[in-house]
Amino acid sequence: MTEPEIVDDFYGVYLLYNINPKFKGRTYIGYTRDPNRRIMQHNRGTWAGGAHRTSNRGPWKMVLIIHGFPNNISALRFEWAWQNPNKTTRLQHLDLKRIPRKETEFQFKLRVLSEMLRVGPWYRLPLVIRWLENDYFEEFPPERIPPDHMIICHGPIKSRNLKKSKPKNTIVPTIECLICSESLKCTEKLTCTNPNCNLVAHICCLAEIFLSPGEYIPIAGRCPFCNVKLKWGDLIRTMRGCNQLTTNDDGVEREVDDELDEDVICTQDKGFVDNPSWFLDCNEDL
């Protein structure tokens, strides 16, 4: 059995597929910080923390998960848009609807996903499209292939999210930014992923080098010191003390803030989508 890849600072949006003959083909989209625990909750029912719409309708399989979001709000926005493609302003121009008798519910969800990964703000995020069940794998159509900086991979995953410890009253040392020559805190420095490079810089200083006119979120660029091509997502994760999002890394322990518990966030449940007042405030630009 393939060993699961360990990913720190995990925020994921997953797609479930129902294999119960009575409900076969139904799907469910959700958010989680622990995919292995979450699928067990769905299959055990609401008493174990599963969602109302999946309770007593299993078994379910978690076939696909998208991760690499910078925080829980970013992941929840993605989840809401995937669930409601005709309500999010990012996709309304496409008028996405399932094609009767030609497209299953599962295929429609994948088509929506392929469109989402190619529009802002998501197309600039360092996302990973991970197939957890190879039997359900489908290639993206040539006209809707995700951006090159996104990783498409296969295999199990294990999240590692530790509670953030309380900050100690210690003085954080400062060093010099090698781009602007001003001081910056050691805890806020960006460093090159090339171990032989001495780059140390402010986030804004390096972002300014990577960005083109009219852009706000960097995707990738070349190190101004060693000329190695760098992914912005890798730089930020390294700054936070996390492993880079590749298919072979073993992971490094990381303390993160577990702000929201997926056990109580079931955004497809009745009552949430009908009146998502708190969440819509976070989705005004979607």
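Between which two helices does the loop that holds aspartate 95 lie? Aspartate 95 sits in the loop between α2 (72-83) and α3, and this briefing returns to that residue below. The structure is a predicted model, and its chain of 286 residues, of which 47% count as buried, has a secondary structure that comes to six helices and 15 strands. Among the contacts between residues at least 6 apart in sequence, 64% join residues that are at least 24 apart.

**Confidence in the model**

- The chain has a mean pLDDT of 80, and 79% of its residues reach 70 or more.
- Over residues 246-286, however, the pLDDT is below 50, although this stretch has 104 contacts in the model beyond near neighbours in sequence.

**Helix α1 and its surroundings**

- Helix α1 covers residues 35-44, and its buried residues are Pro35, Arg38, Ile39, Gln41 and His42.
- When α1 is viewed down its axis, these buried residues fall within an arc of 155°, so they line one face of the helix.
- Just after α1 comes glycine 45, which takes a positive phi of about 110°.

**Helix α4 and alanine 220**

- In helix α4, which spans residues 203-210, the buried residues are Cys205, Leu206, Ala207 and Phe210, and they pack against β11 (190-191), β13 (220-222), β14 (229-231) and α5.
- Alanine 220 belongs to strand β13, and it is partly exposed, with a relative accessible area of 25%.
- If its neighbours within four places in sequence are left aside, alanine 220 is in contact with Phe210, Lys229, Leu230, Lys231 and Trp232.
- Alanine 220 and proline 126 are separated by 94 residues in sequence, while their C-alpha atoms are 9.6 Å apart in space.

**The second largest pocket**

- The second largest pocket holds about 290 Å³ of space, and of the 18 residues that line it, Pro70, Pro126, Trp232, Gly233 and Ile236 are the closest to its centre.
- Helix α5 (residues 232-240) gives the most to this lining, contributing five residues.

**Backbone details in the loops**

- Aspartate 9, in the loop between β1 (5-8) and β2, has a phi near 50°, which is a positive value in a residue other than glycine.
- Aspartate 9 has a relative accessible area of 6%, and because buried means under 20%, this residue counts as buried.
- Aspartate 95 likewise has a phi near 50°, a positive value in a residue other than glycine, but with 46% relative accessibility it counts as partly exposed.
- The peptide bond that runs from glycine 120 to proline 121 is cis, with omega near 0°, and proline 121 is found in the loop between α3 (105-116) and β5 (128-131).

Definitions and conventions. Residues are numbered from 1 along each chain as its sequence is written. This is a predicted model: local features need pLDDT of at least 70, side-chain atom pairs count only at pLDDT 80 or more; totals for chains, interfaces and linings use all residues. Side-chain values use heavy atoms; hydrogens and water are left out. Buried means under 20% relative accessible area, exposed over 50%, partly exposed in between (1.4 Å probe, protein chains only). Helices (H or I, at least four residues) and strands (E, at least two) are DSSP runs, numbered from the N terminus. The arc is that of the directions from the helix axis to the C-beta atoms. On a 1 Å grid over the protein atoms alone, a cavity is a set of points where a 1.4 Å probe fits but cannot get out, and a pocket is an open set with protein on both sides within 12 Å along at least five of seven lines; lining residues have an atom within 4 Å of a point. Grid points are joined across faces, edges and corners, and a volume is the space filled by probe spheres set on the points. pLDDT is the predictor's confidence in each residue, from 0 to 100. Contact means heavy atoms within 4.5 Å.
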